[in-house]
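Please open the structure in your viewer and keep the selection tool at hand.

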Amino acid sequence: MRATIILLAALTTVLTGSVQARTELYVSPGGSDAAEGTADAPLASLTGARDRLREMRASEQVDGHVHVILHGGTYVLAEPFELGPEDSGTRQSVVTYRAAQGERVVISGGSEITGWQRAADGSWSADVNGDWAFRQLFIRHEGDDWWQRRYRPHLGPFVIAGLTDSPAREGQPHRQSQIDFVYHPGDIEQWPNLGDVEVVALHDWSASRLRIADIDTERSVVTFTERPVYRIGHWWEGGRNPYYIENVGEALDQPGQWYHDRAEGTLTYLPLPGEELGSLELVASRLETLV
């Protein structure tokens with residue numbers, strides 16, 4: 001069986017044809033970064049292996065190519081795994097991070113949500129730090145080795161009603177975006193947790209995700225905390241961009257949906273038929289960059 005790894009980092013790509021000695025460091029989710037990094041005493045993390053390799057180089061303990069061998073399991077990163085010039089290999093000492101033969105390694109930038117409680121209406125809820133804003137929630141059923149994504153409730157798609165006369169950003173025409181637009185009455189409302197709501201404006205091959213700063217219900221104008229990536233109306237006939245709205249708590253009504261209420265610090269999930277507490281692992285994204 002071939003070894004598989006979700007993230008494979010090879011620090012050099014130049015290989016020599018001659019057989020050379022090599023240095024091996026072993027890592028395991030059950031190891032310790034205070035260990036030696038041997039097969040019998042593995043390290044616990046990517047950063048632990050990187051730092052140990054730096055120490056070995058400084059004391060000239062590295063012989064030939066370097067293989068950092070990760071045993072199967074999930075490695076949760078608290079911060080991105082950083083590699084600098086000092087971590088690069090050479091023609092005589094290529095550095096490779098790889099999974100152990102026949103084992104599956106997952107490098108995760110998410111955090112597991114625990115402490116779920118079942119409500120009388122069948123929904124599940126858990127306490128989540130209000131400062132932690134995330135857009136992705138993944139679920140793994142007991143016994144499965146794959147993950148399924150669940151989605152936030154959404155409204156739309158809608159079409160903007162027009163633009164205001166507010167100043168546009170300077171730059172190329174397609175970048176001259178405004179910080180607001182006019183919506184059709186009823187499409188956007190003064191929802192209680194307006195700061196949790198996200199407007200997704202569709203451009204051509206991309207989209208802008210926009211947090212709402214304010215709504216003028218008399219003029220039907222929504223203002224965002226930052227400008228769209230591209231100018232609303234640049235690619236669409238009559239400037240009528242489509243958009244939809246995510247994470248509206250009042251729209252949470254379909255099994256498989258979830259809503260993060262940052263003000264209350266709670267996450268609510270509507271389970272699919274057959275899903276039971278205790279047989280699922282739920283992980284929300286935390287890092288935007290792994291390496």
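**First stop: Leu267**

Select Leu267, which is found in strand β19 (residues 266-269); strands here are DSSP runs of E with at least two residues, helices are runs of H or I with at least four, and both are numbered from the N terminus. The model is a predicted one, in which local features need pLDDT of at least 70 and side-chain atom pairs count only at pLDDT 80 or more, while totals for chains, interfaces and linings use all residues. Residues are numbered from 1 along each chain as its sequence is written, and side-chain values use heavy atoms, with hydrogens and water left out.

Leu267 counts as buried, because its relative accessibility is 0%. Buried means under 20% relative accessible area, exposed means over 50%, and partly exposed lies in between (1.4 Å probe, protein chains only). Next, display the residues in contact with Leu267, contact being heavy atoms within 4.5 Å. Not counting residues up to four places away in sequence, Leu267 touches Ile113, Trp116, Trp124, Ser125, Ala126, Val128, Phe134, Leu137, Trp258, Tyr259 and His260.

**Second stop: the whole chain**

Along the principal axes, the C-alpha trace spans about 75 × 55 × 30 Å. Of the 291 residues, 42% count as buried. Among contacts between residues at least 6 apart in sequence, 69% join residues at least 24 apart.

Select residues 46-58, the 13 residues of helix α1. At 1.5 Å a residue, α1 should span 18 Å, and its end C-alpha atoms are 19 Å apart, which agrees; the expected span is 1.5 Å times one less than the number of residues. Which residues of α1 are buried? They are Leu46, Gly48, Ala49, Arg50, Arg52, Leu53 and Met56. The cover over these buried residues includes β2 (22-27), β3 (65-70), β5 (95-99) and β6 (104-108).

Within the helix, centre the view on Arg50. Arg50 is buried, with a relative accessible area of 12%. Beyond residues up to four places away in sequence, Arg50 touches Phe81, Glu82, Leu83, Asp87 and Tyr97. Then move just past the end of α1, where Glu60 takes a positive phi of about 60°.

**Fourth stop: the nonpolar cores**

A nonpolar core is a set of buried Ala, Val, Leu, Ile, Met, Phe, Trp, Tyr and Cys residues joined through side-chain atoms within 4.5 Å. Select Phe181, Ile188, Val199, Ile212, Val222, Tyr243 and Ile245, which have the most contacts inside the largest such core, a set of 20 residues. The elements that give two or more residues to this core are β14 (198-202), β15 (207-216), β16 (221-224) and β17 (242-246). Of these, β15 gives the most, with three residues. Elsewhere, a second, separate core of 19 residues includes Leu25, Met56, Leu70 and Ile107.

Return to Ile188. Leaving out residues up to four places away in sequence, Ile188 touches Tyr183, Ile212, Ile215, Val222, Tyr243 and Ile245.

Show the rings of Phe158, Phe181, Phe224 and Tyr243, which ring pairs link into a cluster. Rings of Phe, Tyr and Trp (its six-membered ring) pair if their centres lie within 6.5 Å; planes under 30 degrees apart count as stacked, over 60 as edge-to-face and the rest as tilted. By this rule the count comes to nine aromatic pairs. The pair of Phe158 and Tyr243 is tilted, because the ring centres are 5.6 Å apart and the planes are at 50°. Phe158 lies in strand β12 (residues 154-159) and Tyr243 in strand β17, so the pair ties together parts that are 85 residues apart in sequence. Phe158 is buried, with a relative accessible area of 18%, and Tyr243 counts as buried at 1%.

**Last stop: Asp180**

Finally, select Asp180 in strand β13 (residues 180-182). Is Asp180 buried or exposed? Asp180 is buried, with a relative accessible area of 8%. Apart from neighbours within four places in sequence, Asp180 is in contact with Leu163, Thr164, Ser166, Val221, Val222, Thr223 and Phe224.
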